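Student: Could we go through this model together? I would like to start with contacts and then move on to charges.
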Amino acid sequence: MAEEKHHHHLFHHKDKEEEGGPVDYEKEMKHHKHLEEIGELGTAAAGVYALHEKHEAKKDPEHAHKHKIEEEIAAAAAVGAGGYAFHEHLDKKDAKKEEKEAEGGKHHHHHHF
């Protein structure tokens, strides 16, 4: 029995295979690359905000506890966004692998300029 891989996405879209049509692997890889980049941006933004709150905690001792909590929340968000980016990176690699398998191992080199 073949084991099927199910991905749970926030915005679920039907695969072309589910609809009976061919899968556009190039489009699938671009989609996951785009989501990976969004995850990377989220990681950077949350990391910068965490550093900002760390600075604010030192600058504003009266509200240091509030700033430390916000720093920790932002740091956790950065870790989560990094995990999401890595997940999308793996999905992109899976799409590339599936494309190769669908082509029977004959990988055509596409040059993008």
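Predicted model: local features only at pLDDT ≥ 70, side-chain atom pairs only at ≥ 80, totals over all residues.

Student: OK, which residues is His-67 in contact with, leaving aside its neighbours within four places in sequence?
Tutor: With those neighbours set aside, His-67 is in contact with Glu-53, Glu-56, Ala-57 and Asp-60. His-67 itself has its place in helix α3, which covers residues 64–102.

Student: Is His-67 buried or exposed?
Tutor: His-67 has a relative accessible area of 7%, and because buried means under 20%, that residue counts as buried.

Student: And what joins the side chains of His-67 and Asp-60?
Tutor: The two side chains are joined by a polar contact, with a distance of 3.3 Å.

Student: Let me zoom out. How many helices and strands are there in the protein?
Tutor: The protein has 3 helices and 0 strands, so that, reading from the N terminus, its elements run α-α-α.

Student: How much of it counts as buried?
Tutor: Of the 113 residues, 19% count as buried. The accessible surface comes to about 9100 Å², and carbon and sulfur atoms hold 59% of that surface.

Student: What share of the contacts with a separation of 6 or more comes from residues 24 or more positions apart?
Tutor: Those pairs account for 68% of the contacts in that class.

Student: Now charges. How many salt bridges does the structure hold?
Tutor: The structure holds 4 salt bridges, and one of them is formed by the side chains of Glu-36 and Lys-92, at 3.0 Å from N to O. This pair links distant parts of the chain, with Glu-36 in helix α2 and Lys-92 in helix α3, 56 residues apart.

Student: Are those two buried or exposed?
Tutor: Glu-36 is buried, and Lys-92 is buried as well.

Student: Which residue meets Glu-56 in a salt bridge?
Tutor: The side chain of Glu-56 meets that of Lys-59, with an N to O distance of 3.4 Å. Because Glu-56 and Lys-59 are 3 residues apart in helix α2, about one helical turn separates them. Glu-56 is also among the residues in contact with His-67.

Student: And how do Glu-56 and Lys-59 count, buried or exposed?
Tutor: Glu-56 has a relative accessibility of 15% and therefore counts as buried, whereas Lys-59, at 57%, counts as exposed.

Student: What about Glu-71, which residue does it form a salt bridge with?
Tutor: Glu-71 forms one with Lys-68, where the closest N and O atoms are 3.2 Å apart. Both residues lie in helix α3, 3 residues apart, which is about one turn of the helix. At 13% relative accessibility Glu-71 counts as buried, while Lys-68, at 37%, counts as partly exposed.

Student: Last topic: where is Asp-24 found?
Tutor: Asp-24 is found in the loop between α1 (16–19) and α2 (25–59), and its relative accessibility of 41% makes it count as partly exposed.

Student: What does its side chain reach, I mean that of Asp-24?
Tutor: The side chain of Asp-24 reaches the backbone nitrogen of Glu-26, at a distance of 3.3 Å.

Student: And how many residues apart in sequence are Asp-24 and Ala-95?
Tutor: Asp-24 and Ala-95 are 71 residues apart in sequence, and from C-alpha to C-alpha the two are 9.6 Å apart in space.

Methods
Residues numbered from 1 in each chain as written. Heavy atoms only, no water. Helix = DSSP H or I, 4+ residues; strand = E, 2+ residues; numbered from the N terminus. Buried < 20%, exposed > 50% of the residue type's maximum accessible area, 1.4 Å probe, protein only. Polar contact = N/O pair within 3.5 Å; in protein donor to acceptor, adjacent residues only side chain to side chain. Contact = heavy atoms within 4.5 Å. Areas by Shrake-Rupley, 256 points an atom, 1.4 Å probe, with all protein chains shown as cover.
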